[in-house]
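The sequence and structure are shown first.

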Amino acid sequence: MPEPLKILYLGTMGERSTALYRMWALQRLGQEIVPLDLRQWTDLGGVMSKVAFRLGTALGMGPVVRSFNREVLRMAREHRPDVMWGDKLVYMLPKTLDALRAMGIVTVNYNIDNPFGPRRDPGWGLYMKCIPHYDLHVVQRDQNVVDYTAHGGRGVIKIQTAYEPTLQFPPPPEWSDKDRDREVSFIGTPYDERPSFLLRLKREFGVPVGVRGARWMWERRMKPDEMQEIFVGDEIYLKEYREAIWRSKINLSFLTHSNRDEFAHKSFEIAGCGGFLLVERSEGHAARFVEDEEAVFFSTIEECAEKIKRYLPDEAARTRIAAAGYARAAASGYHNDGQVGKILERVRTILQGSGT
């Protein structure tokens with residue numbers, strides 16, 4: 001059994017944050033964690049937040065950036081960790097990373113978003129300058145492995161998004177359609193063509209679909225009468241999120257094409273909750289679930305509607321496929337412990353190579 005690593009863990013520690021869940025996984029895997037919560041630098045509010053974000057992420061300037069980097073170095077000197085593990089650190093300075101490396105600390109950048117993607121999200125300027133200064137980048141796309149390497153990344157590892165087993169787990173054994181009061185559900189964001197796709201499912205194919213998500217985001221993409229047709233509730237998290245999956249006969253999942261995603265985080269969460277997964281077909285999904293045995297796939301809206309009409313009245317088939325999907329997710333390590341464990345293995349290799 002290898003010695004536990006001391007890890008200075010930088011991430012958003014809110015109860016809804018997947019960064020927090022990855023920290024829990026590190027702790028479950030026996031590592032010693034020194035946490036630094038990013039919310040004091042990111043939850044600034046109002047005009048100050050916008051100004052600080054633009055100055056910080058584009059130019060590497062401003063009190064937010066200075067304060068953050070000072071605190072990282074202070075904690076590194078005080079605690080002398082083996083590893084600094086950061087979750088999408090848009091305020092990090094290259095010189096801070098160089099200083100950490102000079103102390104013998106391995107620096108890890110975990111980021112499941114895509115700074116090279118066609119969506120062109122703001123706030124990547126300073127982040128891109130830091131890419132050559134990390135020891136390891138953790139990404140979730142084959143293309144990102146190429147992108148980060150071409151941008152000077154020293155080491156890049158591909159993992160996948162994961163479900164959190166302490167929050168996302170199957171319903172009680174006796175659960176059945178008598179407990180499911182929702183027909184077809186989508187819980188998430190209105191990226192790409194999802195609003196028009198879901199509206200067409202309802203209007204053209206008569207699918208009883210209900211959408212939950214950040215209301216303000218959906219209202220920006222849909223008219224009031226469209227919202228009234230399919231939108232049934234605001235964002236849900238934690239227990240409510242898990243139980244919404246349990247209570248749905250069919251759970252939809254989509255790729256985010258504007259982010260060049262190969263698979264959807266939601267797919268693993270639905271499988272982890274023991275839900276019936278109807279997901280957009282992709283090589284990434286096909287490599288992780290056996291079609292029509294562990295999940296059901298679709299490529300077009302017509303195929304999606306056809307699959308819904310096939311499986312909605314067939315409780316036995318849905319139950320069988322959902323159970324097999326959960327078994328595959330658990331056995332293949334689609335949970336945080338499995339994915340974080342792969343990163344730890346790579347980190348230990350780096351530490352051994354550096355003689356630490």
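## M61 and its loop

In this predicted model, M61 sits in the loop that runs between α3 (46–59) and α4 (63–79). M61 counts as partly exposed, with a relative accessibility of 44%. The C-alpha atoms of M61 and Y91 are 9.1 Å apart, although the two residues are separated by 30 residues along the chain.

## Positive phi at two residues

Most residues other than glycine have a negative phi. L238 is not a glycine, yet has a positive phi of about 55°. L238 belongs to helix α11 and is partly exposed, with a relative accessible area of 25%.

R260 is also not a glycine and has a positive phi of about 55°. R260 lies in the loop between β10 and α12 (265–272). The relative accessible area of R260 is 42%, so R260 is partly exposed.

## Salt bridges

The whole structure contains 26 salt bridges. One of them joins D87 and R22, with 2.7 Å between the closest N and O atoms. This pair links distant parts of the chain, since D87 is in strand β3 (residues 83–87) and R22 is in helix α1 (residues 18–28), 65 residues apart. Both partners fall under the 20% limit for buried residues: D87 has a relative accessible area of 14%, and R22 has one of 5%.

R200 and E204 form a salt bridge with an N to O distance of 2.9 Å. Because they are four residues apart in helix α8 (residues 194–205), about one helical turn separates R200 and E204. R200 is partly exposed at 34% relative accessibility. E229 and R203 make a salt bridge in which the closest N and O atoms are 2.6 Å apart. E229 is in helix α10 (residues 224–230) and R203 is in helix α8, so this pair ties together parts that are 26 residues apart in sequence. Both residues are partly exposed, E229 with a relative accessible area of 29% and R203 at 45% relative accessibility. Elsewhere, a network of salt bridges links D177, R180, E315 and R318.

## A buried glutamate without a salt bridge

E280 is part of strand β11 (residues 277–280). Which side chain of opposite charge is nearest to E280? It is R194, at 6.4 Å. The cut-off for a salt bridge is 4 Å, so E280, although buried, has no salt bridge. The side chain of E280 does make a polar contact of 2.6 Å with the side chain of H257.

## Enclosed cavities

Rolling a probe the size of a water molecule over the atoms shows where empty space is left. There are two cavities of 30 Å³ or more. The largest cavity has a volume of about 50 Å³. Its lining consists of T18, R22, Y110, Q160, T161, A162, H265, N336, Q339 and V340. The elements giving two or more residues to this lining are α1 and α16 (336–354), and α16 gives the most, with three residues. By class, the lining of the largest cavity has six polar, three nonpolar and one charged residues. R22, the salt-bridge partner of D87, is among the lining residues.

The second largest cavity has a volume of about 30 Å³. S185, F186, I187, Y241, I245, N251, L252, K266 and I270 line this cavity. At least two lining residues come from each of β7 (182–187), α11, β10 and α12, with the largest share, three residues, supplied by β7. Six residues of the lining of the second largest cavity are nonpolar, two are polar and one is charged.

## The second largest pocket

The second largest pocket has a volume of about 300 Å³. Its lining comprises 19 residues, and those nearest the centre are P171, R180, G274, T319 and A322. R180 also takes part in the salt-bridge network with D177, E315 and R318.

Elements that each supply at least two residues of this lining are α11 (238–246), β10 (248–253) and α15 (315–331). Which element gives the most to the lining of the second largest pocket? It is α15, with five residues. By class, the lining of the second largest pocket has twelve nonpolar, four polar and three charged residues.

Key
Residues numbered from 1 in each chain as written. Predicted model: local features only at pLDDT ≥ 70, side-chain atom pairs only at ≥ 80, totals over all residues. Heavy atoms only, no water. 1 Å grid on protein atoms, 1.4 Å probe; cavity = no way out; pocket = protein on both sides within 12 Å on 5 of 7 lines; lining within 4 Å. Points joined across faces, edges and corners; volume = space filled by probe spheres on them. Nonpolar A, V, L, I, M, F, W, Y, C, P; charged D, E, K, R; others polar. Buried < 20%, exposed > 50% of the residue type's maximum accessible area, 1.4 Å probe, protein only. Lys, Arg positive; Asp, Glu negative; His and termini not counted. Polar contact = N/O pair within 3.5 Å; in protein donor to acceptor, adjacent residues only side chain to side chain.
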